[in-house]
Amino acid sequence: MIMTMMFIVVNAPSVVKPSPPMVSGPATRAPPEQTMSFTCRSHGFSPRNISLKWFKNGSEITASQTSVDPEGDSVSYNISSTAKVVLAPGDVRSQVVCEVAHVTLQGGPPLRGTANLSQTI
């Protein structure tokens, strides 16, 4: 009796791992009362539904623009967001935080990126 064994190799989809958000601020310092833009970028998400929030000293602030790329079907998606912050005299001890939540974090805490305003004011 001759037995023939056949093996089928299935390529499992690679697991996409989200990156910690990176927050960047202005290249130059600014005095109080100036409005400055901060950008948050993170990549490596799948599926496409990604949630992003901005905070200044723990209080939520509004993003001026948020986008998820690419538009169509993809193995991995990136998120980019910008928030405008009006600098105040006491902001030398303040922080701007970008918080990203996604289903792949499996109920764990959101990913966070931080910018210290002491580097801006």
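Reply: Let us begin with a term: a disulfide is a pair of cysteine sulfur atoms within 2.5 Å. Please keep in mind that this is a predicted model, and that by this rule the structure holds one disulfide.

Me: What makes the link between cysteine 40 and cysteine 98 a disulfide?

Reply: The S to S distance of cysteine 40 and cysteine 98 is 1.9 Å, and the cut-off is 2.5 Å, so the pair counts as a disulfide. The angle about the S-S bond is -65°, and the link is left-handed. Cysteine 40 belongs to strand β2 and cysteine 98 to strand β7, 58 residues apart, and the pair thus links distant parts of the chain. Both cysteines are buried.

Me: Why is threonine 120 called buried?

Reply: Buried means under 20% relative accessible area, and threonine 120 has 4%, so the word applies to threonine 120. This residue lies in the segment after β8, a strand that covers 111-116. Leaving aside residues up to four places away in sequence, threonine 120 touches Pro26, Thr28, Arg29, Ala30, Met36, Phe38 and Leu87.

Me: How do you know that arginine 48 and glutamate 71 form a salt bridge?

Reply: A salt bridge needs a side-chain nitrogen of Lys or Arg within 4 Å of a carboxyl oxygen of Asp or Glu. The closest N and O atoms of arginine 48 and glutamate 71 are 3.7 Å apart, so this pair meets the rule. Because arginine 48 lies in the loop between β2 and β3 and glutamate 71 in the loop between β5 and β6, the pair ties together parts that are 23 residues apart in sequence. By the same rule the count comes to three salt bridges.

Me: Why is glutamate 71 called exposed, and why is arginine 48 called partly exposed?

Reply: Exposed means over 50%, and glutamate 71 has a relative accessible area of 63%, so it is exposed. Arginine 48 has 29%, which falls between the limits of 20% and 50%, so arginine 48 is partly exposed.

Me: What makes lysine 56 and aspartate 91 a salt bridge?

Reply: Their closest N and O atoms are 2.8 Å apart, and the limit is 4 Å, so this pair also qualifies. Lysine 56 is in strand β3 and aspartate 91 in the loop between β6 and β7, 35 residues apart. Both lysine 56 and aspartate 91 are buried.

Me: Why are β1 and β5 said to stand at the edges?

Reply: The open sheet has four strands in the order β1-β2-β6-β5, with antiparallel pairing. β1 (22-24) and β5 (63-69) each have a single partner strand, so one side of each is left without a neighbour in the sheet. Strands β5 and β6 (residues 77-86) pair in the antiparallel sense over six bridges, and aspartate 69 has asparagine 78 in β6 as its bridge partner.

Conventions:
Residues numbered from 1 in each chain as written. Predicted model: local features only at pLDDT ≥ 70, side-chain atom pairs only at ≥ 80, totals over all residues. Heavy atoms only, no water. Helix = DSSP H or I, 4+ residues; strand = E, 2+ residues; numbered from the N terminus. Buried < 20%, exposed > 50% of the residue type's maximum accessible area, 1.4 Å probe, protein only. Contact = heavy atoms within 4.5 Å. Pairing = 2+ DSSP bridges.
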